[in-house]
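Have a look at the sequence and the fold, then read on.

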Amino acid sequence: MNTKYCVVSIIAVIMLIASPYAFGKIDPDTVAGMWLFEEGGGDVAKDSSDAGNDGTIAGPKKWQDGKFGKALEFNGNNVYVEVEANDSIILEELTIVAWANLKPSKGTRWQSIMMRGQNPRNYLLVVDRDTQTLQLSITKGAPGAWAGPKGGPVITDDGWHHLAGVFGEDEGLVIYTDGEEVGKQAYSKPSLDANPSRMRIGDGSDGGHQCEGLLDEVALFDVPLSQEDIKTVMEEGLERATGFLAVEPESKLTTIWGKLKTGL
């Protein structure tokens, strides 16, 4: 095997092993939580980022096939993921992303993708009860003073949709469905004094907003992502987009080394 090729190949493998973030397109330091729902059992929804925001899964636990690997099933009643209050999830600017395959709830209840606080709330990405479209909601100032856009296609149509909500001082409050902008408002600073202070996925922070269906690839970023970044997350998945790739098993690394040594 050509010596120069061998050296370059060895360096590439070393980089892959030493730096799991080498190929991420979005800065992994901006991830405040990333829940891929690959557990398949237990009471913990692991945060696959470095933020340490593992969630506790309440209610009956079921996993189904998702957009990337497995997805967690929500029953419209008592299943949710709860993340304890801490400084990393108290945010003035953010991005929330998720894949959702939800059943209709028109006229009966909102379905919260992610919510921190209820009234006042820091942030809420939700399927609107009446229109069944995406909504981003914050409390601006006093309790009961809501802000945030609503719009786009019906989400509860028995299919997968990629959902995203962004707010930032320069960007405003923006929502995306399947990578397309479907609503926008001017920026308002959200309440940081959320009540309750915890965050939940799949329900309101104080209940009453239960999802029914599947959620997958849920993440919270502490920065407003661009539309291009949101499309990258949608198309490539959170692990590849952020570089939080699982460590290659030893057997696969052995195979890689074997191919390099034989020049294949």
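Contact here means heavy atoms within 4.5 Å. Keep that in mind for what follows, and remember that this is a predicted model.

Let's begin with Ser205, which sits in the loop between strand S16 (199–201) and strand S17 (212–221). Which residues does Ser205 touch, leaving aside its neighbours within four places in sequence? The list runs Met115, Arg116, Gly117, Gln118, Pro196, Arg198, Met199 and Arg200.

Now for another serine in a loop. Ser105 is found between S7 and strand S8 (111–117). Not counting residues up to four places away in sequence, Ser105 touches Gln111, Arg129 and Gln132. With Gln111, there's a polar contact from side chain to side chain, at 3.0 Å.

| Serine | Partner | Distance |
|---|---|---|
| Ser105 side chain | Gln111 side chain | 3.0 Å |

The largest nonpolar core has 38 residues, and the members that touch the most others are Trp35, Phe37, Ile201, Leu215 and Leu220. Strand S7 (residues 94–102) is the top contributor to this core, giving 5 residues. Apart from this core lies another one, made of 17 residues, including Val31, Val174, Val233 and Leu238.

Setting aside neighbours within four places in sequence, Leu215 is in contact with Phe37, Ala71, Leu72, Phe74, Trp99, Ala100, Leu102, Ile113, Ile201 and Gly202. Two of those partners, Phe37 and Ile201, are named along with Leu215 among the core members that touch the most others.

Finally, step back to the whole chain. How many helices and strands does the protein chain have? There are 4 helices and 17 strands. Of its 264 residues, 48% count as buried. If you take the contacts with a separation of 6 or more, 65% of them link residues 24 or more positions apart. The accessible surface comes to about 12,000 Å², and carbon and sulfur atoms account for 49% of that.

Conventions
Residues are numbered from 1 along each chain as its sequence is written. This is a predicted model: local features need pLDDT of at least 70, side-chain atom pairs count only at pLDDT 80 or more; totals for chains, interfaces and linings use all residues. Side-chain values use heavy atoms; hydrogens and water are left out. A nonpolar core is a set of buried Ala, Val, Leu, Ile, Met, Phe, Trp, Tyr and Cys residues joined through side-chain atoms within 4.5 Å. Buried means under 20% relative accessible area, exposed over 50%, partly exposed in between (1.4 Å probe, protein chains only). Helices (H or I, at least four residues) and strands (E, at least two) are DSSP runs, numbered from the N terminus. A polar contact is a pair of N or O atoms within 3.5 Å; within protein, one must be able to donate a hydrogen and the other to accept it, and residues adjacent in sequence count only if both atoms are side-chain atoms. Accessible areas come from the Shrake-Rupley method with a 1.4 Å probe; for residues, only the protein chains shown count as cover.
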